[in-house]
Amino acid sequence: MDRVRLSIEGRAIEAPAASSILQACVLAGQTLVEGVGCMGQGVCGSCRVMVRRAGGREVRTQLACETPIEEGMQVAFVDYFSESVRHVYRIEDLGDSWDALRRVGEVFPEAAHCRHCGGCDTACPKGLEVQKGVNLAVDGELSAASRVFDECVMCNLCTLACPEHIRPNHLGLFVRRMIAAHTLRPSDLMRRLAEIESGEMTIVLDAPGARPPG
Amino acid sequence: MPGGIPYEQARARYRAGADLPLPAAPTPVAELLKAHHPDHGPNAHVPLAVGVNRGDPCQPEIARQLQANALIDDVDIAGVEMHTTDVLVIGGGGAGCAAALTAAAQGAQVILATKLRLGDSNTVMAEGGIQAAVGADDSLQLHFEDTLRAGHFRAEPELVAQMVRDGPDVIRWLIRLGMSFDLEDDRPIGGKLLRKKPGGASAARILSYRDYTGLEMMRVLREAVDLEPGVAVWNRCPVVELLSDERGRCAGAVIYNLEWRCFVLVRARAVILATGGAGRLHLNRFPTSNHYGATADGLVLAYRSGARLRELDSFQYHPTGIAYPSHLAGGLVSEAARSAGARLINGHGERFIDELQPRDVVASAILRECAEGRGIERAGQLGVFLDTPSLELAQPGILAKRLVTLRHLAHKCGHDAAEEPFLVTPTLHYQNGGVAIDKDGASGVAGLFCVGEASGGLHGRNRLMGNALLDILSMGRRAGAKAAQSAGSWISGRAGIGHVHAWQRELTLAGLPLHVKAPLLFPSYAHFDLRADAGLRAGTPARTIGGVR
């Protein structure tokens with residue numbers, strides 16, 4: 001199989017073509033104990049890397065488990081971080097849903113300061129229209145905003161990129177959580193809960209179907 | 001492995017939308033499992049030589065881990081930093097988060113330590129959904145009996161009944177935290193939840209969010225934990241040993257901080273192990289769908305401290321792991337595909353199993369096709385077709401709307417799911433057994449709880465799709481609540497690794513080597529050596545990607 005040469009964390013390595021960046025790390029014998037999680041599915045958002053391709057000047061942020069290696073590629077992992085300032089809320093304490101718009105502004109006051117620089121859009125490895133999502137949330141278009149963040153994996157790259165400290169992915173999740181917590185009341189679930197809580201529906205432990213046949 | 005039918009030949013035979021009957025006389029299930037499931041066969045298990053389960057059959061690689069020596073000894077933890085808390089939760093997946101949130105809500109002080117980063121777990125990777133019997137045509141009784149039957153009547157009926165009864169309340173709890181679910185129509189109030197039928201169930205009972213239910217669940221739980229002042233999250237802090245007091249009670253844990261490269265002791269009134277499964281041990285040399293940290297850590301530590309384990313010779317191989325291309329091997333095509341009607345087709349262009357049978361049966365049937373020369377071979381990889389093109393023909397738009405992840409995955413494999421079938425083969429997916437627990441998640445060791453995949457008894461010898469997400473939340477919440485009751489209680493004056501010394505004597509008496517050490521913490525290919533990393537071994541300093549600060 002063809003071999004590809006690239007640099008990861010400043011170290012020159014070689015790995016089989018068609019490997020992802022994470023697989024290349026491992027196959028080249030590098031120690032890999034952070035910046036890794038689901039290892040290929042692209043859902044945990046842990047393996048954030050900055051990538052520069054041969055001959056190019058642009059540095060892109062991507063997920064290492066989903067990005068195939070290329071000859072001459074340069075890769076640096078982006079460490080996770082924990083911020084000292086947070087947008088703190090308790091979903092249970094959001095109160096009256098008539099206050100939803102006000103709550104967005106209270107919990108995420110920076111969202112209204114968006115400079116439209118597009119940094120979040122460039123940073124998103126999933127190609128989501130992050131900035132549009134932020135603007136929609138500020139405008140009160142909460143359903144539309146929530147749809148923008150539907151496939152967000154919470155890698156926090158937009159949060160790192162935002163010069164106004166908006167933390168767009170957390171804003172998106174806030175809106176999505178608020179909508180579900182305030183509006184989702186399925187009739188079949190409510191009925192079954194009532195049946196269980198009233199004692200009307202129970203389980204018979206020794207029913208014939210609970211024993212091996214014969 | 002014998003060869004199969006060349007891909008080109010099989011592909012030429014394949015027709016999307018073709019009417020294919022099921023085999024007229026299917027092999028009886030017991031016979032099929034015995035002949036082809038990896039849990040069976042002459043080398044499938046060995047008797048354990050030490051510990052509470054001495055004499056019980058165990059998968060050989062798991063036995064090697066269980067019968068190993070500790071990673072540390074007294075001298076390594078002399079004088080290290082110590083913390084005290086009410087509840088120590090080990091593991092940052094769905095079970096750990098549910099336990100931490102519940103314990104904190106009851107006023108307990110909680111530390112949640114996780115090996116990778118909060119949320120890095122099998123939970124976030126779950127696609128299909130979560131079971132809860134909410135349909136008018138469904139009942140708790142049906143869910144209860146389906147679960148027992150799929151597990152070959154080896155699960156604990158009382159635990160199963162409790163989990164099933166918790167189902168609807170778990171869904172309400174998730175909605176309260178802000179998790180979304182798919183609906184039949186767009187009526188959030190008074191509408192109905194969209195339900196899908198899992199393989200082996202008698203009613204449609206899978207509730208989902210698109211085909212990334214676990215991601216939706218995990219991002220909500222992770223945010224809730226992160227914003228909860230009562231929970232301190234310790235990322236990159238694997239547990240390397242448990243602490244015990246002079247009466248054998250669990251008294252906390254020894255944690256290794258990967259960032260600072262040092263050990264830390266946590267004394268706790270209750271410890272909740274939520275460390276997940278063992279897929280990254282690649283049992284029986286299978287690829288795995290599991291996340292990077294699934295190395296059976298909790299199982300090893302619980303056993304060494306005296307907890308009883310169960311069904312250690314039983315693992316789930318998910319029928320539809322990617323076979324080709326090889327660099328994606330082990331990755332999962334969600335059961336949502338078969339649940340929606342996708343068929344499995346062998347190299348002769350035939351269906352060979354009812355695709356909606358339980359996972360162990362379908363996986364065994366695929367392994368049989370491959371073993372008997374009816375598999376499809378492509379670039380050295382052997383598998384069978386998962387027929388997504390016919391699914392799209394029958395239900396136009398389903399790939400774009402409901403099977404988003406599947407479509408992305410096909411793209412990564414280099415094909416269009418609406419045009420080309422996937423080449424799939426079973427992948428190591430789930431640990432059916434684990435630490436034996438009671439209805440509160442308490443293990444046989446006082447002060448030690450265990451929840452989620454690391455625990456056993458809820459799924460017998462085979463788990464139904466969607467019961468894992470239910471298990472972790474049902475038991476996670478229960479263990480969290482019970483453990484929180486210890487808040488403020490008396491804490492043992494002694495905490496050490498006395499149980500390790502007793503264990504070493506047992507190993508020596510059984511003639512087992514002391515140089516084999518566990519838990520593994522990371523897969524073998526992570527190239528991680530704890531003792532080198534901690535500076536306890538002479539030699540070159542360890543290297544850590546992204547750790548250059």
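pLDDT is the predictor's confidence in each residue, on a scale from 0 to 100. What you're looking at is a predicted model, and chain B comes out with an average pLDDT of 94. In that chain, 97% of the residues reach at least 70.

One stretch of chain B is another story: across residues 543-549, the pLDDT falls below 50. Leaving aside near neighbours in sequence, that stretch still has 20 contacts in the model. Where pLDDT is low, the predicted coordinates should not be read in detail. As for the complex, the predictor hands it an ipTM of 0.97 and a pTM of 0.96.

## Where the two chains meet

How many residues does each chain bring to the contact? Chain B puts in 68 residues, and chain A puts in 58.

On the chain B side, three helices each supply at least two residues: α5 (140-150), α6 (157-177) and α7 (213-226). Which one gives the most? That's α6(B), with twelve residues. Sort the chain B side by residue type and you get 39 nonpolar, 15 polar and 14 charged.

## Inside chain A: two domains

Chain A is assigned two domains, with domain 1 running over 3-77 and domain 2 over 91-183. Going by C-alpha atoms, the centres of domain 1 and domain 2 of chain A sit 29 Å apart. Eight residues of domain 1 and six residues of domain 2 make up the contact between them.

Now for the domain 1 side of that contact in chain A. Its top contributor is strand β4 (residues 59-63), which gives three residues. By type, the residues on this side split into three nonpolar, four polar and one charged.

## Inside chain B: a helix pair

Have a look at two helices of chain B, α4 (residues 94-105) and α14 (residues 467-484). They pack at an angle of about 35°, and their axes are 7 Å apart. Is the crossing left-handed or right-handed? α4(B) passes α14(B) in a right-handed crossing.

Who does the touching? From α4(B), the residues in contact include Gly94(B), Ala95(B), Ala98(B) and Leu101(B). Among those from α14(B) are Leu469(B), Ile472(B), Met475(B), Arg477(B) and Gly480(B). Taken together, the residues of this helix contact divide into 14 nonpolar, four polar and one charged.

Conventions
Residues are numbered from 1 along each chain as its sequence is written. Chains are lettered from A and ligands numbered from 1 in the order in which they are written. This is a predicted model: local features need pLDDT of at least 70, side-chain atom pairs count only at pLDDT 80 or more; totals for chains, interfaces and linings use all residues. Domain bounds come from an automatic or database domain assignment. Two residues are in contact if their C-beta atoms, placed from the backbone, lie within 7 Å. Helices (H or I, at least four residues) and strands (E, at least two) are DSSP runs, numbered from the N terminus. Ala, Val, Leu, Ile, Met, Phe, Trp, Tyr, Cys and Pro count as nonpolar, Asp, Glu, Lys and Arg as charged, and the others, Gly among them, as polar. Axes are lines fitted to C-alpha atoms, for helices over the stretch in contact, and angles run from 0 to 180 degrees between N-to-C directions. A crossing is left-handed if the near helix is turned anticlockwise from the far one by less than a right angle, and right-handed if clockwise.
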